[in-house]
Amino acid sequence: MGRKNRDLSYLKPFCFYCDKTFKNEVYLHQHQKAKHFTCQRCFKKFSSCDSLKNHVESAHHEVLTKIPNATGDRSDIKNKIFGMQGVPRVEIEKRIRKGAEEYWTKILSAQYQLRRKENKQRMKQNREISKKENQQDVKIDNEKEEIEQHEYNPEAKPISFDLDYEQLQKQ
């Protein structure tokens, strides 16, 4: 049979800003540099949000208020995140809990489907057995009716056999 290939992506490094999952932290760093720590005016890449913020203030004389390409409430510039470092523990635990719930829901759902399939097969077998029993009951009822038809009836005329015993002995 072999070992099942389990989806453990919720345990892998993920981007805090957009929730994308990565094979390892090297790919996560590359992603953050390319998508979240890139200057929107000159497209220069930086390794952290602090470096990007300093660059925007000194080179472009603007104030960076949010991380580019970040989802909703995670775009705050105050978050000091580099890879998985600085990601709030609550977020990591929430992600692990959610992934574990999805995994176990999937497993339990598969077990439920298997039990349901087994129950359907069992019910089908029971129906076939009861059908055979009904057929046997019908045969028995038919046989009883035949027997009842041939039972002794005192009002019926006696059956007479006109046999010549002498002729039967000769044969």
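Mentor: Let us begin with a definition: contact means that heavy atoms lie within 4.5 Å. This is a predicted model, in which local features need pLDDT of at least 70 and side-chain atom pairs count only at pLDDT 80 or more, while totals for chains, interfaces and linings use all residues. Residues are numbered from 1 along each chain as its sequence is written, and side-chain values use heavy atoms, with hydrogens and water left out.

Trainee: Which residues is histidine 36 in contact with, leaving aside its neighbours within four places in sequence?

Mentor: Histidine 36 is in contact with Cys15, Tyr17, Cys18, His31, Leu52, Ile67, Pro68, Asn69 and Ala70, once its neighbours within four places in sequence are left aside. The residue lies in helix α1, residues 25-36, where helices (H or I, at least four residues) and strands (E, at least two) are DSSP runs numbered from the N terminus.

Trainee: Why does histidine 36 count as buried?

Mentor: Buried means under 20% relative accessible area, exposed means over 50%, and partly exposed is in between, with a 1.4 Å probe and protein chains only. Histidine 36 has 1% relative accessibility, and therefore counts as buried.

Trainee: What makes phenylalanine 43 stand out, and is phenylalanine 43 buried or exposed?

Mentor: Phenylalanine 43 has a positive phi of about 60° although it is not a glycine, and most residues other than glycine have a negative phi. Phenylalanine 43 is found in the loop between α1 and α2, and because its relative accessibility is 59%, it counts as exposed.

Trainee: Why is the pair of phenylalanine 16 and tyrosine 17 called edge-to-face?

Mentor: Rings of Phe, Tyr and Trp (its six-membered ring) pair if their centres lie within 6.5 Å, and planes under 30 degrees apart count as stacked, over 60 as edge-to-face and the rest as tilted. A search of the whole structure finds 3 aromatic pairs. The rings of phenylalanine 16 and tyrosine 17 have centres 5.7 Å apart and planes at 75°, so this pair is edge-to-face. Both phenylalanine 16 and tyrosine 17 are buried.

Trainee: Why is the pair of tyrosine 103 and tryptophan 104 edge-to-face?

Mentor: The ring centres of tyrosine 103 and tryptophan 104 are 5.2 Å apart and the planes stand at 75°, so that pair is edge-to-face. Tyrosine 103 has a relative accessible area of 15% and is therefore buried, whereas tryptophan 104, with a relative accessible area of 49%, is partly exposed.

Trainee: What makes the residues of the largest nonpolar core a core, and which touch the most other members?

Mentor: A nonpolar core is a set of buried Ala, Val, Leu, Ile, Met, Phe, Trp, Tyr and Cys residues joined through side-chain atoms within 4.5 Å. Of the 19 residues in the largest one, Tyr17, Phe37, Cys49, Leu52, Ile67 and Val87 touch the most other members. Helix α2, residues 49-59, gives the most to this core, with 3 residues.

Trainee: How do you know that histidine 55 and histidine 60 make a polar contact?

Mentor: A polar contact is a pair of N or O atoms within 3.5 Å; within protein, one must be able to donate a hydrogen and the other to accept it, and residues adjacent in sequence count only if both atoms are side-chain atoms. The side chains of histidine 55 and histidine 60 are joined by such a contact of 3.2 Å. Histidine 55 is found in helix α2 and, with a relative accessible area of 11%, is therefore buried.
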